[in-house]
Amino acid sequence: MNRAGERWTSPRLPSGDGIRKAIFPDVLVLTELFTRAFHEGPVADWLVPDPVQRLIIYRAYFRMFVEDGIRWGSVERTNDRTAAALWYGASHAHGRPEDYPRRLAALAGPHAGRFEYLDRAFEDVHPEGDHDYLAFIGVDPAHQGMGLGSELLRHHHAQLDATGRAAYLVASSERSCNLYGRHGYKEVGRIRLPGGPTLWPMWRSPSAATNSDKREPTT
């Protein structure tokens, strides 16, 4: 999922400069980062309408994913931990943490059904083939518009292009869909949530030409 925001601009970092792979001591900070980054928006409103309940649920939800991503995927963060991206490889392509159904039911309570619906919708359109899946990319709201999300994308795309691997994600707005297009992604379908927003599955072939800008995606 993603959301784009724009507040101010600053010079772009050189590719790969200031990006590190997250480790377990980063879990709490990155949990709060993703919680803040995703707390507002059409998908958030659809999943958990009450913002206070959403905050509680999201903290548990994103902690589960950050821990799982560090263990089984690749969580890449900026040096100051104001932006991060969680990628899964082919061996964990659908991005489901261990014991996920039980843990989701426990943390989401009466809202678990909507999370499950979203998961099934994602699974129904998830493509085959060797690729990395961008499960989440988030920029702290106070640091959006600085090119951090784009820098995280460029950093991982360089690794993918060097090994001939594709990338896949699901964009959650037309604005972020257009932004991902400038990073080489192409639309490969639509997901329409009942009574909620439309989402855009997108695929990037290796060595795709890019023309990115500084607005920040949140997936």
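Strand 6 (residues 185-187) and strand 8 run antiparallel and are joined by three bridges, strands being DSSP runs of E of at least two residues, numbered from the N terminus, and helices runs of H or I of at least four; two strands are taken to pair if DSSP finds at least two bridges between them. In this pairing Lys186 stands opposite Trp203 of strand 8. The model is predicted, so that local features need pLDDT of at least 70 and side-chain atom pairs count only at pLDDT 80 or more, whereas totals for chains, interfaces and linings use all residues. Residues are numbered from 1 along each chain as its sequence is written, and side-chain values use heavy atoms, with hydrogens and water left out.

Strand 8 (residues 198-204) also pairs with two other strands. Five bridges connect it in antiparallel fashion to strand 5 (residues 166-171), where Ala171 stands opposite Trp200, and two bridges connect it, again antiparallel, to strand 7 (residues 191-192), where Arg192 has Thr198 as its bridge partner. The hairpin of strand 7 and strand 8 has five residues between the strands, and within this hairpin Gly195 takes a positive phi near 70°.

Strand 2 runs antiparallel to strand 1 (residues 19-21), to which three bridges join it, with Ile19 opposite Thr78. Four bridges join strand 2 to strand 3 (residues 83-88), also antiparallel, and here Glu76 stands opposite Ala85. In the hairpin of strand 2 and strand 3, which has four residues between the strands, Arg81 takes a positive phi near 60°.

Helix 1 (residues 27-38) and helix 3 (residues 51-72) pack at an angle of about 130°, with their axes 8 Å apart; the axes are lines fitted to C-alpha atoms over the stretch in contact, and angles run from 0 to 180 degrees between N-to-C directions. Helix 1 is therefore oblique to helix 3, a class that holds the angles left over when those under 35 degrees count as roughly parallel, over 145 as roughly antiparallel and 65 to 115 as roughly perpendicular.
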